[in-house]
Amino acid sequence: MVITTTASGSTTKLLLTDMVLGVDHVPSNYIRPPSDRPNLKDVQPSSHAVPIPLIDLKGLHGPGRHDVVKQIGEACRNEGFFQIKNHGVSDTTISNILRLARDFFKLPESERLKSYSDNPSKTVRLSTSFNVKTEKVANWRDFLRLHCYPLEDYVHEWPSKPPSFREDVAEYGTSVRELVLRLLEAISESLGLEKNYINGVLSKHGQHMAMNYYPPCPQPELTYGLPGHTDPNLITVLLQDDVPGLQVLRNGKWVAVNPIPNTFIINIGDQMQVISNDRYKSVLHRAVVNCSKDRISIPTFYCPSPDAVIGPAPELVNDDHPAVYKNFTYEDYYKQFWNRGLATECCLDTFRASLIRDS
């Protein structure tokens, strides 16, 4: 078991889950400066805002495909976020993975810590906050991160408890990947590209998922589950339990996105913004916490493999729309993302082609 000991000899808990038991205030290393707090009273409730688009994928494989592709394109262009129903992932698969995530974080501390690591390059790791090696202020979450494609390369590394962990995660990860591949075809078509274009630029593909656990927080106005950030990958498929916490920046205001059972939230990542040559936007989002209920969220991050070379699709570059970004490998981008941390919100700017022209 991994533990740390302070100079006075007392044991310091590695995970927030174990540290917060009985705590009635937020420890100082979690408190954001006043200018960087959630300002929860200024957040628009979802009931007062134009809803995040909810797209029914039922028509994606039939005569209604054109209309569904059009809806997806409009959501990617105008919002960067949308929700989907009739997506092909069974209700049973969804309920199993949510139950499993909750059961994992209820395991004894010694069992959970078998997966603990503060090394972001590890393909299976339990950790806390975001990047404990680089950040100055901690975030109110624990997480288990898993690489899950190709499945056979990673499944043997996953936790073996709870007993159904590997079987349930494999089923969920496979189902979500099939969903992502259908979405990528539709997004390619919505950009006017051949439907396999995006699939083809990802090289061998990559898929990670996280099980995020946000414990109740005694002073949620002082900290974040995760501060505002964009996702560095291509596309994210988010599953939430029934506790609100996700907020999206729309027209300069944070909007709460309340969970709808058995739906997924899809958000465009930085790599999609690059491939689309800025037609589609990777949008700032954040996770806030509350004082009464714990929350589970399970994002699946679909991404290029590290060797993939990412740049604007040539068909989307012309005199009226010059290339906004230079070409780069996903490995280079991902390293920069982790080194910069969430405090800088988005690292796309460092890969802009204008930096080459201006130098």
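# Close-up views of the predicted model

**View 1. Cysteine 148 is buried, with a relative accessible area of 3%.** Buried stands for under 20% relative accessible area, exposed for over 50%, and partly exposed for the range in between, using a 1.4 Å probe and protein chains only. The model is predicted: local features need pLDDT of at least 70 and side-chain atom pairs count only at pLDDT 80 or more, whereas totals for chains, interfaces and linings use all residues. Residues are numbered from 1 along each chain as its sequence is written, and side-chain values use heavy atoms, with hydrogens and water left out. Zero disulfides are present in the structure (a disulfide being a pair of cysteine sulfur atoms within 2.5 Å). Cysteine 148 takes part in no disulfide, and its nearest cysteine sulfur, that of cysteine 303, is 9.2 Å away. Cysteine 303 is likewise in no disulfide, its nearest cysteine sulfur being that of cysteine 148. Cysteine 303 is buried, at a relative accessible area of 2%.

**View 2. Four strands form an open sheet in the order S8-S13-S10-S11, with antiparallel pairing.** Strand S8 (226-229) and strand S11 (253-256) stand at the edges with a single partner strand each, so one side of each has no neighbour in the sheet. On average, neighbouring strands of this sheet are turned by 20° against each other, direction ignored. Axes are lines fitted to C-alpha atoms, for helices over the stretch in contact, and angles run from 0 to 180 degrees between N-to-C directions. Strands (E, at least two residues) and helices (H or I, at least four) are DSSP runs, numbered from the N terminus; two strands pair if DSSP finds at least two bridges between them. Strand S10 (residues 246-250) and strand S13 (residues 285-287) run antiparallel and are joined by three bridges. Glutamine 247 stands opposite arginine 286 in S13.

**View 3. Helix H3 (residues 91-105) has 15 residues and reaches 22 Å from its first C-alpha to its last.** This span is close to the 21 Å expected at 1.5 Å a residue, the expected value being 1.5 Å times one less than the number of residues. The buried residues of H3 are Thr93, Ile94, Ile97, Leu98, Leu100, Ala101, Phe104 and Phe105. They cover an arc of only 160° around the axis, which places them on the same side of H3; the arc is that of the directions from the helix axis to the C-beta atoms.

View 4. Proline 150 lies in the loop between strand S6 (142-149) and helix H5 (151-154). Proline 162 is found in the loop between H5 and helix H6 (165-190).

**View 5. Asparagine 39 has a positive phi of about 45° although it is not a glycine.** Asparagine 39 belongs to the loop between helix H1 (16-19) and strand S3 (54-56), and is partly exposed, with a relative accessible area of 39%. Asparagine 262, also not a glycine, has a positive phi of about 60°. Asparagine 262 occupies the loop between S11 and strand S12 (264-268) and counts as partly exposed at 32% relative accessibility.

**View 6. Phenylalanine 337 lies in helix H9 (residues 330-340).** Phenylalanine 337 is buried, with a relative accessible area of 8%. Between phenylalanine 337 and proline 261, the separation is 76 residues in sequence and 32 Å in space, C-alpha to C-alpha.
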